[in-house]
Structures are given as C-alpha cells and as structure tokens.
Amino acid sequence: MKKYIIYFFISKATETCQIPTFTADGLSFSILSPTVKLRSDILTLAMNTSFNCTDNFNTDKKWTLYLVDTNDTIQREISLSSYSSARTPQLVIQPYTLDYGLYRFTYNVTMNLIDLNTVQYSSINVYMKINPTGLAVFGLQDGVQARNYGQSQSFVLAPRTFSYDLDNYVNISNLTFLY
C-alpha cells in the first residue's frame, strides 16, 4: 500500500508552531485513480495527523462526504451526522450504506492557536469509487457447484431460482442466463 504525506497550509504559522502533516495508508487523493471498494465492504478511512507546535492549541477534526462526478462536481452532500466517527481521524462506514458511484471524502481540520487568538482551517480530499459486489450464480440448489448423476438421471439447472444479487439491487428473475 502507498503511504502519503500531505502538508497543509496554515497562513499564520509561527516559529513554535509548524504546519501539521498528515499520513494515510491505502487512500487515494486523486480523482483519476480513486480507491475502489465494493458496496459490501466496510469503509475505513484513517488520517494520521501530526502536530509540531509548542503554542497552546486545540483542534477539531471532521469528515464531510459528497457524491461527485468524474469532473469532481458535487452531485449531492451526504450527511454523516449519524456516524460518531465523523468527528474523528478514522471514519468508519458500514457495508451497503453507500450506493454505487464516485465519492469525495473531505477531511477538515480546524486548529485554534489559543495564544495567538487565531483559527486556521485545513482540508484534504480522498476519492473512493463504490462498485457492485456482484451476483452469486448457482445452477443447482443450495449453492452446489458440482454433482454426480447417473446416465438415466435428469437434473434441471435453475439459476433464476438459486442465484442472488449480493447487493440486493437486481431482480434475478429478470436476468437471462445462457448455458
């Protein structure tokens, strides 16, 4: 997995307070090559924040989520208010929560330099594409992959009866199976 170090710009950095650095493993900061996950995956986005500051400060961290197109145009904002992890460096989203599509997760950090009475805002975007999990196609009952039959025994392949969509989006009875 790639490890990235991201530097944020703080306009009023002091000699005793350096610009914070961030690292993230396995996340893509490019819309051209987003991290690809299946709809059935648990999504975990972890951002490590390092501060090198001797001044008195406090921070607020927050994730925001947007469905975007390939030009990074926001289609809609998705509320993360029900996720307690949305205000921590590690955001966790349960499987089957997000529909298929391209998403921009924005990690926002507010740094309040108390002695300087200054508030600074920094953010970074992480891109993720959610793909379909797929179909589980079975021609025989109970997910049996192979079975032995005698010469005069018959059997019926019935994939419409024994298959299912792992995302529960597609009605299997509407599909055509060729064999």
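# A walk around the sheet and its side-chain pairs

Start by selecting Thr106: directly opposite, in strand 10, you'll find Asn125. Keep in mind as you click around that this is a predicted model.

**The strands around that spot**

Now widen the selection to strand 9 and to strand 10, residues 118-131. The two run antiparallel, and 13 bridges join them. Zoom out and colour the whole sheet: five strands, open, in the order 3-10-9-6-7, with mixed pairing. At the edges stand strand 3 (35-38) and strand 7 (74-78); each has a single partner strand, so one side of each has no neighbour in the sheet. Turn the view to look across the strands and you can follow the twist, which averages 35° from one strand to the next.

Next, show the aromatic rings. The count of aromatic pairs comes to two. For one of them, select Trp63 and Tyr107: the pair is tilted, with 4.9 Å centre to centre and 45° between the planes. Where do these two sit? Trp63 is in strand 6 (residues 57-68) and Tyr107 in strand 9 (residues 101-113), so the pair ties together parts 44 residues apart in sequence.

**Salt bridges, one at a time**

How many salt bridges does the structure hold? There are three.

Take Asp99 and Arg39 to begin with. Their side chains meet in a salt bridge, 3.6 Å from N to O. This pair links distant parts of the chain, 60 residues apart: Asp99 is in the loop between strand 8 (90-93) and strand 9, while Arg39 is in the loop between strand 3 and strand 4 (43-46). Is each partner buried or exposed, or something in between? Asp99 is partly exposed, with a relative accessible area of 33%, whereas Arg39 is buried at 8%.

Move on to Asp60 and Arg87. In this salt bridge the closest N and O atoms are 2.8 Å apart. Again distant parts of the chain are linked: Asp60 belongs to strand 6 and Arg87 to the loop between strand 7 and strand 8, 27 residues apart.

Then select Arg104 and Asp72, whose side chains meet in a salt bridge at 3.1 Å, N to O. Arg104 lies in strand 9 and Asp72 in the loop between strand 6 and strand 7, so the pair ties together parts that are 32 residues apart in sequence. Arg104 counts as buried, at 11% relative accessibility; Asp72 is partly exposed, at 22%.

**Last stop: a nonpolar patch**

Keep the surface on and select Tyr100, Leu135, Val137, Tyr169 and Val170. Together they form a nonpolar patch on the surface, with about 410 Å² of accessible area. To finish, pick out Val170 on its own. Val170 sits in the segment after strand 12 (164-165), and at 39% relative accessibility it counts as partly exposed.

Terms used. Residues are numbered from 1 along each chain as its sequence is written. This is a predicted model: local features need pLDDT of at least 70, side-chain atom pairs count only at pLDDT 80 or more; totals for chains, interfaces and linings use all residues. Side-chain values use heavy atoms; hydrogens and water are left out. Rings of Phe, Tyr and Trp (its six-membered ring) pair if their centres lie within 6.5 Å; planes under 30 degrees apart count as stacked, over 60 as edge-to-face and the rest as tilted. Helices (H or I, at least four residues) and strands (E, at least two) are DSSP runs, numbered from the N terminus. Patches are made of residues with over 30% relative accessible area and no salt bridge: like charges are joined within 9 Å, nonpolar side chains (Val, Leu, Ile, Met, Phe, Trp, Tyr) within 5 Å. Accessible areas come from the Shrake-Rupley method with a 1.4 Å probe; for residues, only the protein chains shown count as cover. A salt bridge is a side-chain nitrogen of Lys or Arg within 4 Å of a carboxyl oxygen of Asp or Glu. Buried means under 20% relative accessible area, exposed over 50%, partly exposed in between (1.4 Å probe, protein chains only). Two strands pair if DSSP finds at least two bridges between them. Axes are lines fitted to C-alpha atoms, for helices over the stretch in contact, and angles run from 0 to 180 degrees between N-to-C directions.
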